[in-house]
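Biologist: I would like to learn how to read a protein model, one feature at a time. Could you walk me through this one?

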Amino acid sequence: MRPRLLVPLAVVLALLAVPSAASAIDVGVGRADITPPTGYYMMGWVRSDGVIQGQHTRLWARVIVLRQGGKKVALITEDLNGIPGGMLAQAAEMDKDLGYSQENVLDSASHTHAAPTSYYNFPTYNSVFMTVRTPSDFDLGGTLDPQLYAFMVKRLALAIRRADANLGPGAVGWGATQIDDLTANRSLEAHLADHGFDLGYGQGSPAQDPDGPLHTIDPEVHVLRVDKVIGKRRVPVGMWSTFADHGTVNKFQFDVYNEDHHGAATHKVEDAIRRSGKVPAGQDVVNAYGNTDEGDISAGLTRSGPAAADLVGTAEATAF
């Protein structure tokens, strides 16, 4: 598994240097459309027959800003496969007049594989290999598209600005639950090898894990709820939600931009918050779904396509 990318409440509070639990806090939410033109290779599949030909859903950067005691932190998620360090640094630099830097901006990619490559400032992540169907089409040099990179930086900076402009008195709260029947470990035999099992591919079973089947995945769900005082009423305006689930339900054959199951979960949660919270039409509602240690954990091993992504996202939304 990859190292956990989980932002517990203690970390958020430390960034804000909270003097006491009763201190007032300001919250703001915002977003920006980060859908680029088509024609780019799909990031994550590393194959030249995975080229974006159209758009099934838009891609977004979603931001939650918390301010307390003169300090701010921006919690961001983006419908991308990954976040280059330079991209975050430059976006924060563009917003330095608002008090942002690399020290108080945290960005998490959903890790959807139906998003573009060519915006990484590390050639390896832009590399694409030939396939039997496309033997003469490849990019082994990992070309960086400067226009796409600049677009991603500017849209990320814009999303942070919109959330900052939305700041107002509010409240936050932390909750947790589990989803234990949705994901599986795609490298199960490698995981079991850590427990002394020497098994060939396809020979392992979650039941063989001495610590139990749930030890082969990460079932933990964490939610940071964000409310804002609008008028004289405390209104829910969003959440930062985390769960370990690889963005590979939509395979490369579905050659369109797609948020994968993360998007399905995000939109359902946002709709539910707006409806149940009676959120005013002029107030944005943001579910920033930040992936966690999803490296070998996926709901896409036996599911494929947009309808399956909606099914997975619905289960996640219910938990959130």
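**Reading the strands**

Modeller: Gladly! Strands here (E, at least two residues) and helices (H or I, at least four) are DSSP runs, numbered from the N terminus. This is a predicted model, in which local features need pLDDT of at least 70, side-chain atom pairs count only at pLDDT 80 or more, and totals for chains, interfaces and linings use all residues. Residues are numbered from 1 along each chain as its sequence is written, and side-chain values use heavy atoms, with hydrogens and water left out.

Biologist: In which sense do E3 and E4 pair?

Modeller: Two strands pair if DSSP finds at least two bridges between them. Strand E3 (residues 60–68) and E4 are antiparallel, with eight bridges. Two residues lie between the strands of this hairpin, and Gly 69 has a positive phi near 60° there.

Biologist: Which strand runs parallel to E4?

Modeller: That is E5 (residues 105–109), joined to E4 by five bridges. Here Ala 74 is opposite Val 105 in E5.

Biologist: How many residues of E4 are buried?

Modeller: Buried means under 20% relative accessible area, exposed means over 50%, and partly exposed lies in between (1.4 Å probe, protein chains only). In a regular strand the side chains alternate between the two faces of the sheet. Strand E4 (residues 71–78) is mostly covered, with seven of its eight residues buried.

Biologist: Where is Leu 301 found?

Modeller: Leu 301 is in the loop between strand E12 (297–298) and helix H7 (306–319). Its relative accessibility is 44%, so Leu 301 counts as partly exposed.

Biologist: With which residues is Leu 301 in contact, leaving aside its neighbours within four places in sequence?

Modeller: Contact means heavy atoms within 4.5 Å. On that basis, Leu 301 touches Ala 184, Asn 185 and Arg 186. Arg 186 is 115 residues from Leu 301 along the chain, yet their C-alpha atoms are separated by 7.0 Å.

Biologist: And the whole chain: how many helices and strands does it have?

Modeller: The protein chain has seven helices and 12 strands. Its radius of gyration is 20 Å, close to the 20 Å of the globule rule for 320 residues, so the chain is as compact as a globular protein of that length. That radius is taken over C-alpha atoms, and the rule is 2.2 Å times the number of residues to the power 0.38. Of the 320 residues, 52% count as buried.
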